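Please study the structure before reading each solution.

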Amino acid sequence: MNAFLTRSLVAVAILLISASVIAQTANPVLTVDGERGSQSLSLDALRSRLETREIEVVNPDLGRPVRYLTFSLADVLRLMDAGDAEDLVFHCLDGYEANTAAANVATLDLRLAYGEDGVPERWSPIPTGKTMTDPAPFIVISANTSDPKTFSWPFQMNRIEAISFAKKFPLTLPTGAPADGEVSRGFAVFREQCLKCHSVNLQGGEVGPELNIPKNITEYRSTGFLRQWIHDPSQFRARARMPPTQLTPVEIDEVIAYLRYMGRHKQGG
Ligand code: HEC
């Protein structure tokens with residue numbers, strides 16, 4: 001998935017004049033909504049309680065290395081009483097919501113970035129379409145991948161919802177499908193890459209159309225069409241608002257298998 005394009009679709013961009021800015025709002029606040037309630041801490045409070053590590057890593061949206069001031073996201077979640085979450089939703093000021101399994105916090109070494117080049121709240125603007133966006137107050141970055149297909153870095157992030165995916169989106173689960181089969185693999189892809197814009201059984205994002213209610217997409221679109229559409233919608237419509245995916249043909253077929261399976265498990269309509 002092209003993170004850049006995805007973000008430009010949903011971003012309410014803030015135009016910036018200078019090449020590097022220091023955010024106006026002093027002492028930004030991070031909120032974590034967990035199963036046991038909501039907690040908010042200011043950047044100063046986080047800095048006084050957590051160890052900062054400075055790391056240099058390629059920002060996928062800028063395509064160049066940036067030296068970030070970071071906390072370990074695992075430390076942040078523990079401090080804010082959400083260390084045992086199963087899934088995380090990163091909420092961003094532009095309305096973007098990114099879902100990720102909490103296991104990725106460790107495997108991708110996710111970190112909460114709060115500034116650049118040793119200066120808290122200093123940020124390089126991020127290109128979003130034709131405009132530049134100030135990524136403040138926080139960016140969730142990965143210390144070990146800059147591949148947006150693995151993890152697209154949520155910027156302008158100010159709230160983390162620590163949830164159990166199965167509790168928040170129960171009707172999107174392919175209940176009854178073998179855990180290691182095509183349908184389950186397709187669901188894993190759908191959940192990471194499509195759910196932020198599309199709902200299934202009316203649960204999920206609202207940027208794109210619902211894909212199961214009242215008719216499942218596979219009931220009125222052919223497999224051939226879906227394969228091509230999911231690969232690159234702009235083959236059909238100029239200015240399609242859905243970005244091209246970077247899925248392999250096998251992954252695309254797995255997503256289609258998941259969607260077809262859900263057609264036999266309609267709920268919530
Ligand atoms: C950034 C938001 C976004 C993401 C991510 C996204 N879509 Fe879409 N999708 C849309 C929008 C918006 C439309 C409506 C058509 C258009 O203008 O692009 C759409 C349309 C569709 C359609 C209907 C096409 C038709 O004409 O019947 C399908 C099927 C679809 N998307 C599948 C997917 C799948 C599968 C994924 C994940 C691999 C995905 N989309 C990811 C926004 C998105």
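**Exercise 1.** In this predicted model, determine how many residues of domain 1 are in contact with domain 2, and which elements supply them.

*Solution.* 
Step 1. Assign the domain 1 side to elements. Two or more residues each are given by α1, β7 (97-101) and α5 (165-168). The largest share, four residues, belongs to α1.
Step 2. Classify the residues on this side of domain 1. Six are nonpolar, two are polar and two are charged.

**Exercise 2.** State where the two domains lie in the chain, and how far apart their centres are.

*Solution.* 
Step 1. Read the bounds: domain 1 spans 3-166, and domain 2 spans 169-263.
Step 2. Take the centres over C-alpha atoms; the separation between domain 1 and domain 2 is then 27 Å.

**Exercise 3.** Describe the shell of residues around the ligand: which residues come nearest, which elements contribute, and what classes are present?

*Solution.* 
Step 1. Identify the nearest residues. The shell holds 22 residues, of which Cys-194, Cys-197, Gly-208, Ala-240 and Met-242 come nearest to the ligand.
Step 2. Find the contributing elements. Those that give two or more residues are α1 (3-10) and α8 (223-231). The most comes from α8, with three residues.
Step 3. Sort the shell by class. It comprises 14 nonpolar, five polar and three charged residues.

Notes: Residues numbered from 1 in each chain as written. Predicted model: local features only at pLDDT ≥ 70, side-chain atom pairs only at ≥ 80, totals over all residues. Near = placed C-beta within 6 Å. Nonpolar A, V, L, I, M, F, W, Y, C, P; charged D, E, K, R; others polar. Domains from an automatic or database assignment. Contact = placed C-beta atoms within 7 Å.
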